[in-house]
Amino acid sequence: MPTTTAVPDLRDGPDRRTVLAAFAAAAALGGAAVPLVAYRADAATTPAPDDHAGHGATPAAADDTAGPVAAQPEHAWCMVIDLRYCDGCKSCTKACQKRHSLRPEQTWIQVFEMEDERGGSFHMPRPCMMCEDPPCLKVCPVGATIRTDEGLVLVDTDTCVGSRACMAACPYEARYFNWREPRPPVDLGMPNTPQMPVARRGTVGKCVLCADRLPLGELPACVEACPMGVLWVGDLVADVAVNTQGASVVLSQFLADNDAVRFKEELGTHPRVWYILGHGQKLQGA
Amino acid sequence: MSTVTTGTVTTETVRATSLRALRRPGAGWWVVVLVLSAVVALGVYAWTVQLRRGMGAAGFNDQAFWAADIADVIALIGVSYGGAVVSAVLRLTGATWRAPLTRIAEGAAVCTVLVGMALIVPHIGNPVRLYELVTHPNTSAPVFWDFIAVSTYGFASVAFFAMPLIPDSAALLAADDGRLGRFRTALYRRIARGWTGAPRQHHVLGKALTLVSVMIIPLAVSVHSVLAWAFATTSRPWWHESIWAPQFVVAALYSGVALVILVVAGFRSGYGLQQWITPRHFVRLGFLMAALGAGYVYFTFADILPGAYVGENAVSTVFADLLVGRMAGWFWLFVVGGAVIPLLLVAIPATRTTAGMVVAASFVVPMLWLKRYLMVVTPANHDVVTGGHGAYHLTWVRASITLAAVAAVPLLLMLLFRVVPILSVDEIEEVELEERRTLTQALAALRAAGEPRVSSPAARTVGAGLAVLLLAGAFGVLGVGRAAPAQAAQAPKGPRIELAGTQTDGLVHLKASVKDAKGAPAAAGTVTFSVMTTVFGPRAVPLGSVPVTKGVAEMVLDGAHSGGYRPTQVGPTEFTASYAAQVGDTPLERSVDVDVTAAVSAYTPAAPKPLEGVGAVTPTVLFAVVGAVWVTLLTTVARVLLVSRRRVVRRVPATEPATAGRPTTQSA
């Protein structure tokens, strides 16, 4: 054997045949994995709307101008916050913290004191915006953040690994981590569910719009506690919103009549919380 | 090309040096190992404290949810890039001076990437659930792809480090003078297997190393890009920047070369490798570092300028914090210590020495950690609702974990090089051989009155570049009631009201007939129509008031005449009419159930995002790319293992393999 061949040619490129063969094999593998991936990708986004086809809400003869009503869930929960009447008493925050056994710094609904254009200030309660396209949902590495077909963005504290990627992604600072041992929960005789989560150390928590109460026709704790009738809870499907001052309104008309706006509309998150301004307030992210 | 050593200068063969380095260590080695172990032990203890008390013990809070933990991971995985540069890039560009550095550089790469991966564990709030990344992944999450990219890169680094150990083990076994020790002899026999140095074995190994070199560069690019995208795919000011991924890559290269300088300097003096690693090596690495440093300065400037120039509220607040605000001291410390001083040390001829380069590198590594810390903490602190900021307070718990990681790298390296030869024996011998051949050819060519010919590495570089572009491109796509029974209407004395609901053309008509106390059609007053909803308990939602004319008030529920309301659900729906002759009168109420057959949900879902479809396909494409990478890596490793397997057929006792088929450089 000649010695020259004993030395590998370091200047050779990679073995083209090996690379091509490997890529072909991997492409085949990848192809086989498509259904699996498609399933996961689907699970990570909004649940398929046709889950609810055939539901009682489906009209037999839908108005054809209305689009596919059949593909819609029974409810689409939302909130309206009337900043004209908020005096910053923080009853909402306290009621929420009591109901969910939160530590004082965990303000699932937080009342921010904001500056208005004339240098004065106004109060702005901020719950979870329950975005229709929630940035927090996409970035969770283990899919612990879920979005129900009724539009509630919830956290499964039995799955959360505590990466805090959702805290980075939320444009509304609406997520709170259990940095220390949480307070013992009030015993509601229920297991831990995303709708009524039990805080666990090392997991994230956020406003759930009292998802356990809504199906029963009850109001979220914050809405119930608001003495000024600032907080409204609504259903976009049924087109109603109510507050604790006994008022009930046709939601779409209420929003239109009061020029309601959403916070950081430009981000395309489609929040399901509307704000009603009226005293020189501006809603502008920082 | 310059030479590593020439025949005349060489006083010790590479095999002899490598064997010498494996001998019983001195007291100094033990002291250093003990101190480093103590620091690591303290870090592990601090982590147990964090596990017991929660992550708050490490200084985190809701406005500093990511901080030193992520800076550590980025910095450590970043410095592992040095190994990739020195070994892979210099191999592909045919820079033969790399040969004595590759083993140390690759060892540093493997150790730092392993420590960097380990640091993800204390970063996570619930480490026991990390297995969910495999069993329960969300393929649209950047953090999930971090995990994929880091583990792929980690495997490639280990393979790149381990494959050349096969010929090296064989070479050391052949050169052993009996002082290798039982453990290492047994281990090297296992590793060397059937390596005889046969041409085919050399050929396969050479191809494998070249292929992994080509792959490890885009893999490293992918790791640092995906790390950057964990930040850039949020809407947070300063994180949401397209330049972050390339900037992370350049930062990793810069700090990686600096780490190689430090590690090489440490082992050079500790193991007496001056004969192999000369001041020229340090100067060359220094030039490489300076070029990357200049690039990094440019990237930093390009990162900050547009946001600061436009002056959007959020971004300019963060940059004000960074440049003139509460973080300014640290930022300008980075500029001076991480850019100006190292670049000057390389630029000034008087300081362009081994010591000068070591000083420069020891500025770069910690300063680049500081820069990553600022990049993580400043935007994390920023409150995106109010524009204010929180703060991160580094506690002893987190500081200990960080220091433990810093100490773990040299500790692992020192332990590693108790087992593994510190020089890449085979590669150095090959380069020597190559150079001798080149020299012979050059002399022959000179003798034939021709210019020495230099072969161009252009084609190889273009090939590697294309591979980088393809993979980077693939990653770049990522981007991405029913009515409740009403209260029975009161039938009062006095005025009476009747309510009828009918449907025509899919529209509900409500008609209230009001009679006064005498039974005649009422002539005045208004009727308020409501719909009953049970969504939030039974409630009447007013739809509007209609004046009574000739005893009748009518409302068509078409939206326009009914306060914006149209029936939203099919099925029995209760409507109410209440009549008051005058303001202040107790209203008369009457309800009717209408079996609504045509309903319009008031809710219209948001239109899908333009790139939603692309986002759904991207994970599939990425999985295919990652699959291809793994198949290629595993095939390559398998080929090397296959070609060096022990053959039962003939001769070659495992004790004296590597001498066959190749000239040795052993001096007499």
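In this report, a residue is called buried when its relative accessible area is under 20%, exposed when it is over 50%, and partly exposed in between, with a 1.4 Å probe and protein chains only. By that rule A:Cys96 is buried, because its relative accessibility is 9%. The model is a predicted one, in which local features need pLDDT of at least 70 and side-chain atom pairs count only at pLDDT 80 or more, while totals for chains, interfaces and linings use all residues. Residues are numbered from 1 along each chain as its sequence is written, chains are lettered from A and ligands numbered from 1 in the order in which they are written, and side-chain values use heavy atoms, with hydrogens and water left out.

**Cysteines**

**A sheet in chain A**

Helices (H or I, at least four residues) and strands (E, at least two) are DSSP runs numbered from the N terminus, and two strands pair if DSSP finds at least two bridges between them. Chain A has an open sheet of 5 strands in the order E10-E9-E8-E1-E11, with mixed pairing. Strand E10 (248-250) and strand E11 (273-276) stand at its edges, and since each has a single partner strand, one side of each is left without a neighbour in the sheet. Within the sheet, strand E1 (residues 77-82) and strand E8 (residues 231-235) of chain A run antiparallel and are joined by 5 bridges, with A:Met79 standing opposite A:Val233 of E8.

**Nonpolar cores**

A nonpolar core is a set of buried Ala, Val, Leu, Ile, Met, Phe, Trp, Tyr and Cys residues joined through side-chain atoms within 4.5 Å. The largest one has 261 residues, and those with the most contacts inside it are A:Leu231, B:Trp244, B:Met289, B:Phe529 and B:Phe575. Its largest share, 20 residues, comes from helix H11 (residues 199-232) of chain B. Apart from this core lies another of 15 residues, among them A:Ala76, A:Val80, A:Ala241 and A:Val249. With contact meaning heavy atoms within 4.5 Å, and neighbours within four places in sequence left aside, B:Met289 is in contact with residues including B:Tyr254, B:Ile261, B:Val346 and B:Val364.

Helix H1 (residues 14-21) of chain B is largely enclosed by the rest of the structure, because 6 of its 8 residues are buried. These are B:Val14, B:Arg15, B:Thr17, B:Ser18, B:Leu19 and B:Ala21, and they pack against helix H9 (165-175), helix H12 (244-271), H17 and H18 of chain B.

The loop between helix H17 (396-419) and helix H18 (425-447) of chain B holds B:Ser424, which is buried at 2% relative accessibility. The C-alpha atoms of B:Ser424 and B:Ser18 are 8.6 Å from each other, although the two residues are 406 residues apart along the chain. Not counting residues up to four places away in sequence, B:Ser424 touches B:Ala99, B:Thr102, B:Arg103 and B:Asp168, and its side chain reaches the backbone oxygen of B:Ala99 at 3.1 Å.

Methods
A polar contact is a pair of N or O atoms within 3.5 Å; within protein, one must be able to donate a hydrogen and the other to accept it, and residues adjacent in sequence count only if both atoms are side-chain atoms.
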